[in-house]
Amino acid sequence: MPHLVLDKISIHYEGQQAPAVERVSIDVAKGDFVVLVGRSGCGKTSLLNVAAGLVTPSRGMATTNGRPITAPGSDRAVVFQNDALFPWLTARENVAFALRLRGVRPAERARRADELLALVKLTDAGDKRIWELSGGMRQRVGLARALAAEPEFLLLDEPLGALDALTRERMQTTLLDLWTASHVGVLMVTHGIEEALVLATRIVVLAPGPGRVVRTFEPGFSRRYAAGEAIRTIKADPAFAAARGELTDAIFEGEVA
Amino acid sequence: MTVTSYTERSNQKIDEVDGLSVPWSPAAPRRKGVSARIISAATILAVLAIWALSARLQLVSPVFLPSPAAVWNKFFVVANDGFVDATLWQHAVASLGRVFAALVAALLIGVPVGLAIGISTVGRGIFDPLLEFLRPIPPLAYLPLVIIWFGIGEPSKILVIAIAMLAPVALSTASGVRGVSQERINAARSLGATKRQVVRHVILPSALPSILTGLRIALGAGWSTLVAAELVAATRGLGFMIQSAAQFLVTDVVIMGILVIAAIAFVLEFIIRRIERVLVPWAGRE
């Protein structure tokens, strides 16, 4: 079973007094949806970048399937907050980018890209240019592009952070649908408390100064959605409200108000 | 540091000087009354009128200032019968050929050099001082040296123009490369791109708008170097035509030549803006 493991990771950026992250361990298995939450400066994006291979930890070990992570790779596709799409390509060509890098034939990669665009509900947008798409549509293209690389893990750095509240709500179910359809393991960073509860199979709460794990939750609401329950029923469940209160407390615990 | 400021400055200057609309400049607020375009047209007409009037009243000797009609007629005479053994068309083709040969050379060298400056510290260390040295030297200053080294043939003329074009192309490319968003590069790498693929599929296309701006500036620089390049041992070319005419005090050909050079520069600028709109429609829309 594929495993992405961050083992006792410490990150000490050059020229900074305190380490950004100290001895954090996170384990993402295939089929997991792990969400990192925490106040600003808790190092959640740094940890995601370690998993992506964009930041080298000062101490500790990051591995996928037992092999150390030394560089970015298509087994761990990243989706950023700002979509980072390529404006000189159409939506379809953006999605097909990873396939083009691998030398897949044009007809085959167009077919595959269209499948993925259908999966993110953008069937008719293939020929559109990036600047013709709304923020939500761009983020869908970004997700499809990441999935085209057929990653084992999807690393999401606040992918819904720049979207308006209504779009974000809809994108949450899209993310869950993609996660169940693709069987990848997801590691996601977010600021949204409700978002974390809806999406995660496991929530890791980090606290700043230096970044460390203070609690983990296993909310289980996303499993209920995957089993067929409607998202509204889930959010209306008193258990959801209770979990939200508990998670909020955990995030702001020990903060000097 | 010098690199960015250079292109920005040049950009701004070009956009201000020509009257063409820039796709990414904000729309000017509509004012009541006359527009700048009408004022410009009126200015040109006024200059023409003063010119015609002073020629008609013989305020200046026709040897120094022939009438607009004489210049206009000369255009057709030179176009049909030629001047100094070549028609106007042949002169223009000779000049355009030199400028485009130089442009190709400047692109072949300047774009890779700009990439090297933008991507690697070693590249910047090597090429930045060389370009900064070369950039401010007027072409007439290095023309004699080029002739000593490479003779008075066609290669020397092309080389003089190419040197003038090199810095704008390389420095614009470098500033475009440095402006590539790190997130885009990271995204490509996490999708499995090698370093070479990142350059080919992300950095080059991202820098393309900037490269085209450099090309536009370079073409302007090269075109204005033309007359200097044709100073020595040319037998054809617009610059050569003007100089030969000046030696025989054929002022109408001199003025006609200047106007033709200006007109061609204007058309080239227009064509490049069209190319920009087709090749990089995303510029300024991200």
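Domain bounds, as used here, come from an automatic or database domain assignment. On that basis chain A is divided into domain 1 (3-75 + 153-252) and domain 2 (84-150), and 25 Å separate the centres of these two domains of chain A, taken over C-alpha atoms. This is a predicted model, in which local features need pLDDT of at least 70 and side-chain atom pairs count only at pLDDT 80 or more, whereas totals for chains, interfaces and linings use all residues. Residues are numbered from 1 along each chain as its sequence is written, while chains are lettered from A and ligands numbered from 1 in the order in which they are written.

Contact between two residues is taken to mean that their C-beta atoms, placed from the backbone, lie within 7 Å. Helices (H or I, at least four residues) and strands (E, at least two) are DSSP runs, numbered from the N terminus. Residues are classed as nonpolar (Ala, Val, Leu, Ile, Met, Phe, Trp, Tyr, Cys and Pro), charged (Asp, Glu, Lys and Arg) or polar (the others, Gly among them).

Between the domains of chain A, 12 residues of domain 1 are in contact with 12 residues of domain 2. Helix α6 (residues 165-182) of chain A gives the most to the domain 1 side, with 6 residues. The contact between the chains takes 21 residues from chain A and 15 residues from chain B, and β6 (76-79) and α3 (97-101) of chain A each supply at least two residues of the chain A side. The table sets out the classes.

| Contact | Nonpolar | Polar | Charged |
|---|---|---|---|
| Side of domain 1 of chain A that touches domain 2 of chain A | 8 residues | 4 residues | no residues |

In chain A, 4 strands form an open antiparallel sheet in the order β2-β1-β4-β5, strands being paired if DSSP finds at least two bridges between them. Because β2 (21-29) and β5 (67-68) of chain A stand at the edges with a single partner strand each, one side of each is left without a neighbour in the sheet.

Confidence is expressed as pLDDT, the predictor's confidence in each residue, from 0 to 100. The mean for chain B is 85, with 88% of its residues at 70 or more. Among the elements of chain B, helix α1 (residues 2-17) has the lowest mean pLDDT (40) and helix α4 (residues 88-119) the highest (94). The predictor gives the complex an ipTM of 0.87 and a pTM of 0.81.
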